[in-house]
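Here is a short report on helix packing in one protein model. The sequence and structure come first.

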Amino acid sequence: MSVGRCVSVMIMLVALSGCREAGRESAAPPHADSPYVARAEKEVYKAFAELQRQDDAERKQGLAVRKLLRGDPQRKWIALTFDDGPHPDYTPRLVEILKRYKVKATFFVVGKMAEQYPDLVRLLYQEGHAIGNHTYHHVNLTRLEAEQIAVEIKACGEVIQSLTGHAPHLFRPPGGDYNPTVAEIANALGYWLILWTDDPGDYARPNEAILKQRVLDQLSNGGIILLHDGVPETIDLLPQLLDYLKREGYEVVLVDRMLSSEQPHSANR
Ligand SMILES: [Zn+2]
């Protein structure tokens, strides 16, 4: 990478998220409601249809990507995922609700947030939730050079490993933005790419009735639901959603359960 390119990548990283040292020094960035929501609002999440088109293109090119777009659709099961935490106010509330319903979820944490709130990562781990990698600075990896992609993924993985004693093996690219280079690097670092089928757009904060309707409209066997840590409406939605899933006979599982029968580019749709 040229010096100029390297500098511009660094400037972009700093502009997006603050440098590692700054992240340590400052508390959560100021925002009327939530810095997590403010960040997520800027993100454009890929729709399931778009992820499927990308999947088709990879298959046509013969790329063997270790990736999960959905679990086995023959089984009435669902995986709940929460991105962008941990969050000092909301993570404990999510944990409390999940505990009440005896449900485990998969949390894709941002490295610098995990570093800032280590006790919350330990809490998630102690409660039996799965902890996945969501990059260190929450950046769009498709805009970075290979070297920087690896740095983002490795840095988050190291924080998680230092707090839980286990190297994570689940990775979700911010916004669902990935390309063959990102997939190759993540796979080479030992990760599965975990995407989603069901994105109700909770980051934009529609009320819980709208959120619930969107989740239910997209609900399907083997579905992976994308929600966010740090969104009050998601806290309001969660008990209703868990009641519904229980009533309808869905088994709520960790992503790992869905992965156990997967092969690269096998029955993941
Ligand atoms: Zn995210």
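The model is predicted. Start with helix α5, residues 91-100. Its buried residues are Thr91, Leu94 and Leu98. These cover an arc of only 60 degrees around the axis, so they sit on the same side of α5. The spacing fits a general rule. An α-helix has 3.6 residues a turn, so residues three or four places apart point the same way. The face of α5 turned away from the buried side carries Glu96 and Arg100, both exposed. What covers the buried residues includes β2, α7 and α11. After α5 comes Lys102, with a positive phi near 55 degrees.

| Element | Residues |
|---|---|
| β2 | residues 77-83 |
| α7 | residues 118-126 |
| α11 | residues 232-247 |

Helix α11 also packs against α10, residues 208-218. The angle is about 45 degrees, and the axes are 9 Å apart. An angle between 35 and 65 degrees counts as oblique, which makes α10 oblique to α11. The crossing is right-handed. From α10, the contact is made by Glu208, Leu211, Lys212, Val215 and Leu216. From α11 come Glu233, Asp236, Leu237, Gln240, Leu241 and Tyr244. What is the make-up of this contact by residue class? The contact of α10 with α11 divides into 6 nonpolar, 1 polar and 4 charged residues.

Note on methods. Residues are numbered from 1 along each chain as its sequence is written. This is a predicted model: local features need pLDDT of at least 70, side-chain atom pairs count only at pLDDT 80 or more; totals for chains, interfaces and linings use all residues. A residue is buried if 20 or more other C-beta atoms lie within 10 Å of its own, exposed if 12 or fewer, and partly exposed in between; C-beta atoms are placed from the backbone. Helices (H or I, at least four residues) and strands (E, at least two) are DSSP runs, numbered from the N terminus. The arc is that of the directions from the helix axis to the C-beta atoms. Two residues are in contact if their C-beta atoms, placed from the backbone, lie within 7 Å. Axes are lines fitted to C-alpha atoms, for helices over the stretch in contact, and angles run from 0 to 180 degrees between N-to-C directions. Angles under 35 degrees count as roughly parallel, over 145 as roughly antiparallel, 65 to 115 as roughly perpendicular and the rest as oblique. A crossing is left-handed if the near helix is turned anticlockwise from the far one by less than a right angle, and right-handed if clockwise. Ala, Val, Leu, Ile, Met, Phe, Trp, Tyr, Cys and Pro count as nonpolar, Asp, Glu, Lys and Arg as charged, and the others, Gly among them, as polar.
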